[in-house]
Amino acid sequence: MKRVAWIYHPDYLLHSPPFEHPESPERLVAITDHLGKAGLIDRMVVVTPEYPEDTDILSVHDRDYLNRLETACRRGDLTLDSEDTYLNRHSFNVALLSAGGAISGAKAVAEGTADRAFCAIRPPGHHAGPDVGMGFCLLNNAAVAARYLQARHGVGKVLIVDWDVHHGNGTQNIFLEDPSVFYFSIHEHPTFLYPGTGRRWEIGKGKGEGTTLNAPMAPGAGDAEYRTTFEQTLEPAVERFRPEVILVSAGFDAHRDDPLADLMVTEEGFRFMTRHVVALANKFCGGKVVSILEGGYEPSSLTSCIEIHVRELLEE
Ligand SMILES: [Zn+2]
């Protein structure tokens, strides 16, 4: 069995919506309850996340944006930049601690206190760009973790596998011209789903051309289409890129029961994807996987998929 770090903090529950909203603290309550009852947290390496250093956040986000976010929270604004991205007075601190959670997972894996990590953090991150919050995301947790690994642990090449059903436009933009971070996203086709990016021809720019790979899925696609894409599109790209660490932007909203999208992935699809990523990590990067929670809004499928995901990370 592998050592998998469990990253969670009760303060993640403090960021709560001032109006009806799918991205709520109850998501993490359901996840911790479920994994606890399944006896899985007892079998993981419990790591308490810490607030990040300024430099680690500033490696991704502009100082002006951080100031704007902090001011908006202090002032009592209900949203930031767009109607769907809410704030309360805790949101700035919780967003920092969420990014800090991704860093803590990366640190545990880089320093060898764990082989892998699952970061049960929120708010999610993959829509957040250097100077913008959107799509329920305030700070880009996965991007911060990637930059942290490069700056503090001498990691060269990082692969981000983003299987949230929405395209991670923030992550793509951050690394668009950066050949050291390969961004792969599988998501519902942008014609049908927010945020409207992630078409096949978006492949990176300049020096980063070829290290962005988008696999848009038609509505109704499920386990079979995902499997084919992982085997025929992701795997050859990973063989060429040869990452030193794999980060997963692990959203579970491609599940057939999720209310926010139109895909038909089941528990078995998430089992396959996790197993496939673990196999690639075992082959290319000493098994190092840092999984970072993104979306997933239907409690029953969210928790059952995460249980499977964690069991596969454990290779029990
Ligand atoms: Zn999503």
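The zinc ion is coordinated by D164 (OD), D164 (OD), H166 (ND1) and D253 (OD), at 1.9 to 2.7 Å. Donors are N, O and S atoms within 2.8 Å of the metal (3.2 Å for Na, K and Ca); water is not among the atoms, so sites may look incomplete. The model is predicted: local features need pLDDT of at least 70, side-chain atom pairs count only at pLDDT 80 or more, and totals for chains, interfaces and linings use all residues. Residues are numbered from 1 along each chain as its sequence is written, and side-chain values use heavy atoms, with hydrogens and water left out.

Along the chain, the donors of the zinc ion follow the spacing D-x1-H-x86-D. H166 lies in the loop between β6 (158-162) and α6 (169-174), and D253 in the loop between β9 (245-250) and α8 (267-284), so the pair ties together parts that are 87 residues apart in sequence. Helices (H or I, at least four residues) and strands (E, at least two) are DSSP runs, numbered from the N terminus. H166 and D253 are both buried (under 20% relative accessible area, 1.4 Å probe, protein chains only).

The largest pocket holds about 280 Å³ of space. A pocket is an open set of points on a 1 Å grid over the protein atoms alone, where a 1.4 Å probe fits, with protein on both sides within 12 Å along at least five of seven lines; lining residues have an atom within 4 Å of a point. Its volume is the space filled by probe spheres set on the points. The lining of the largest pocket has 16 residues, with E50, I103, S104, K107 and Y148 nearest the centre. α4 gives the most, with 6 residues.

Terms used: Buried means under 20% relative accessible area, exposed over 50%, partly exposed in between (1.4 Å probe, protein chains only).
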